Amino acid sequence: MSITTRMRDSLRRLPALRSSPSEAPTLVERAVALGRRNPVVLDAVLAALLIWVAVSWTLEGKGVRSDMRIEALVVSVLAALPVPLRRVHPMPAAIATAVVALVCSFALPGTMAAFLLPSLVMGYSAVAYGPRWAGWLALVVLTVGVFGPFVARGPAALFASPDMTPLVALALLGAMATVPLLVWLLGSLRRAAHRRTLDLRERNRLLEESRRQEVRLELLAERSRISREVHDVVAHSLSGIIAQADGGQFAAQRDPAKAVEVLSGIASTGRSALSDVRGLLSMLRDTGPDDDTDTDPARPQPGAGDVPALVEQVRTGGLPVDLRTIGTPRELPTGPGLTVYRIVQESLTNVIKHAGPGVPTHVDLRWTTDELTVRVHDEGARGPIPTPPRGGHGLTGMRERAALHGGSVEAGPHADGGWTVRLRLPLTPPARGER
């Protein structure tokens, strides 16, 4: 399987990264997940439970005066009605319950048991799900609701019962003061946990997006590399075929045997180009076809050692080109070797396209200890030349190839005429045993 196919499969599988754990969720986990998906339904059940508790306390006379049972039943329903909206609209729901609780605390002091639990639940919800300032406001409202009636009736009301000693009264006041603080603390902890969950979800989303971008960049880089290879193969082969075909037209009139040789060269060049293109396109498929006998998937990529054969092929096609090697050639890795081969190939193709097939051309390979210099120089056009197509990316592709391996490409007109392309590619110094 090619690298392109693997990257595309990775991109398709990215949404599956959010899958649930391998273990089956428990009943409690399913209930929690259901509650998160339907918070209003879950809170409606909570509201019904609060109303049932308040009604039970009222009917049993716990915390409710016997002459205010009807009022307590109404208050218990009014105080619990906003509870289903405590997470969807926390502030409006909390304000509605707070208004009912504060009014009843002063107007109906004997109905505290009817709105006590809904008030605590809504205070907790305002701190946990409301804005940041809602926490302090809920603390103040709960404190006023707890101590307001006693302050309004005066301190003497606290000691109206004969069993209320100063020590018991102090303990009661401490417990009453603890309730708002405890509600605020629990709401703050839930708020922090909720914020952490949201942050983790956002971080997970950003990580997934980053991984998607990395895969997309890898796909773009692979596509750019394949496009450069296709450009080099097709442009060089077609230019050689065109040059040989132009020469074959004249050879067919004067020397039929030479024309047959030219046609053989055209066929050989076409087969080689077709094989290279098939090899590149096979990288875009999962597997190559079983009946593909013209392409060897295991065939190595051309390198610097194949430059002499390339020069000979171009010379056979009609371009008078010679090769000179200075220094001791070395075995290069696949990437740098392919870069040398493709840049020489592209340079010779440009000579045929821009200067013409009859321009003398020289290829020099200069090997040193730490650098390889490749120079392709043509002596300039003589007479009419073919019009080159516009919009090409040959020089850009050369520079990109060289930059991948720390090299550079310079191209421009020569002082003595013609055009020169020079590649400078750094080399790793050989080991002592190789010198």
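Predicted model: local features only at pLDDT ≥ 70, side-chain atom pairs only at ≥ 80, totals over all residues.
**A walk through the helices**

Let us start with helix H11, which spans residues 334–355: its 22 residues reach 31 Å from the first C-alpha to the last, close to the 32 Å expected at 1.5 Å a residue. That expected span is 1.5 Å times one less than the number of residues in the helix. Of the 22 residues of H11, 18 are buried, so this helix is largely enclosed by the rest of the structure. Here, buried means under 20% relative accessible area, with exposed being over 50% and partly exposed in between, using a 1.4 Å probe and protein chains only.

Residues are numbered from 1 along each chain as its sequence is written, and side-chain values use heavy atoms, leaving out hydrogens and water.

Stepping back, the protein has twelve helices and five strands. These are DSSP runs numbered from the N terminus, with helices (H or I) of at least four residues and strands (E) of at least two. Of its 435 residues, 35% count as buried.

Now turn to helix H5, residues 90–107. H5 has 18 residues and reaches 26 Å between its end C-alphas, close to the 26 Å expected. Its buried residues are Pro90, Met91, Ala93, Ala94, Thr97, Val100, Ala101, Cys104 and Ser105.

The axes of H5 and H6 come within 9 Å and cross at roughly 145 degrees. Axes are lines fitted to C-alpha atoms, for helices over the stretch in contact, and angles run from 0 to 180 degrees between N-to-C directions. On the H5 side, the contact (heavy atoms within 4.5 Å) includes Thr97 and Cys104, while Phe115, Met122 and Tyr129 are among the H6 residues taking part.

H6, residues 112–129, also packs with H4, residues 69–80, at an angle of about 10 degrees, with their axes 8 Å apart. H4 and H6 are therefore roughly parallel to each other, a term for angles under 35 degrees. Ala72, Val75, Ser76, Ala79 and Ala80 of H4 meet Ala114, Phe115 and Pro118 of H6.

Key: Parallel < 35°, antiparallel > 145°, perpendicular 65-115°, else oblique.
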